[in-house]
Amino acid sequence: MSKNPTRVALVTGANRGIGFEVCRQLASRGFVVFVTARDAAKAKTAAAKLKKARVIEPLALDVATARSIKDAAAQVEQRYGRLDVLINNAGINYDTWETAENADIDGTVVETITTNLLGPWRVCQAFLPLLRKSRAARIVNVSSESGSLAHMGAGPPAYQVTKAALNALTRTLAAELSGTRILVNAVCPGWVATAMGGAGAPRTVSEGAAGIVWAATLPDDGPTGGFFRDGKPLPW
Ligand SMILES: NC(=O)c1ccc[n+]([C@@H]2O[C@H](COP(=O)([O-])OP(=O)(O)OC[C@H]3O[C@@H](n4cnc5c(N)ncnc54)[C@H](OP(=O)(O)O)[C@@H]3O)[C@@H](O)[C@H]2O)c1
């Protein structure tokens, strides 16, 4: 086990899209990065693409499976003994094909809650013992302005409800952890050209990831319990 080599980060859903780019940006800042994916082979392929310059660790982590989360935490514990940055990025189902009235509760809705809310929640629980061992830990929950109650109207129902709930989790956890060295924030990357955002989205993954990396690298007196895009507060 190599203890305390540098700062250690873990990103969920990191085999493509915004999560992959967050790994690239964190690695270029000198972090050891756990590039995780629900499929171990995808984690390896993604890590291999980033490997050249930095320490990149592929790891299987399916946020919808409690056992997988526990196994991943055990791996990080064994290899580094702590975690400095946790990015809850994995997300699914921008369900524009549904309305709240006709949404498939036992299908899409449960699936989306499992991944977008319970996933980050379980991941936080599993990794908090390791984050508490950090000198300065940061949790970033990748949310969306779609989850902002201030502006919420009709829209993808499962997605909107789960991102609003993720924001609530962010505030609750941040308040519980106030006075510790762990800062917890929610970040909207903006509308980004990925599989989820679609090719017509105006922002690049690099632009979307930058605001997440900002929250991951806040100074010790930085904000906690906030909701941001590009380092600027968003209304809840
Ligand atoms: N793109 C946008 O415009 C936009 C806007 C606001 C917020 N966001 C948020 O940004 C985050 C990343 O989105 P993206 O645009 O990069 O989406 P994406 O390209 O669709 O990528 C989603 C990632 O999440 C992974 N994932 C899905 N279910 C998982 C699970 N159970 N366990 C682990 N990983 C899982 C996917 O892995 P597989 O390859 O295995 O499916 C993939 O790596 C999401 O939380 C999303 O809600 C995106």
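In which sense do strand 5 and strand 6 pair, and over how many bridges?

Guide: This is a predicted model, in which local features need pLDDT of at least 70 and side-chain atom pairs count only at pLDDT 80 or more, while totals for chains, interfaces and linings use all residues. Residues are numbered from 1 along each chain as its sequence is written, and side-chain values use heavy atoms, with hydrogens and water left out.

Strand 5 (residues 137-142) and strand 6 (residues 182-187) pair in the parallel sense, over six bridges. Helices (H or I, at least four residues) and strands (E, at least two) are DSSP runs numbered from the N terminus, and two strands pair if DSSP finds at least two bridges between them.

Contact here means heavy atoms within 4.5 Å, and axes are lines fitted to C-alpha atoms, for helices over the stretch in contact, with angles running from 0 to 180 degrees between N-to-C directions.

Helix 4 also meets helix 5 (residues 157-176): their axes come within 8 Å and cross at roughly 20°. That makes helix 4 roughly parallel to helix 5, since angles under 35 degrees count as roughly parallel, over 145 as roughly antiparallel, 65 to 115 as roughly perpendicular and the rest as oblique. The crossing of helix 4 and helix 5 is right-handed; a crossing is right-handed if the near helix is turned clockwise from the far one by less than a right angle, and left-handed if anticlockwise. Among the residues that make the contact are W121 and L128 of helix 4 and Y159 and L166 of helix 5. By class, this contact of helix 4 with helix 5 divides into 13 nonpolar, four polar and one charged, where Ala, Val, Leu, Ile, Met, Phe, Trp, Tyr, Cys and Pro count as nonpolar, Asp, Glu, Lys and Arg as charged, and the others, Gly among them, as polar.

Between helix 4 and strand 5 there is a loop, and K133 has its place in that loop. Leaving aside residues up to four places away in sequence, K133 touches E77, G81 and R82.

Further along the sheet, strand 7 (residues 227-229) holds F228, which forms a pair with W214 in helix 6 (residues 205-216), 14 residues apart. The ring centres of W214 and F228 are 5.0 Å apart and the planes stand at 65°, so the pair is edge-to-face. Rings of Phe, Tyr and Trp (its six-membered ring) pair if their centres lie within 6.5 Å, and planes under 30 degrees apart count as stacked, over 60 as edge-to-face and the rest as tilted. A search of the whole structure finds four aromatic pairs.
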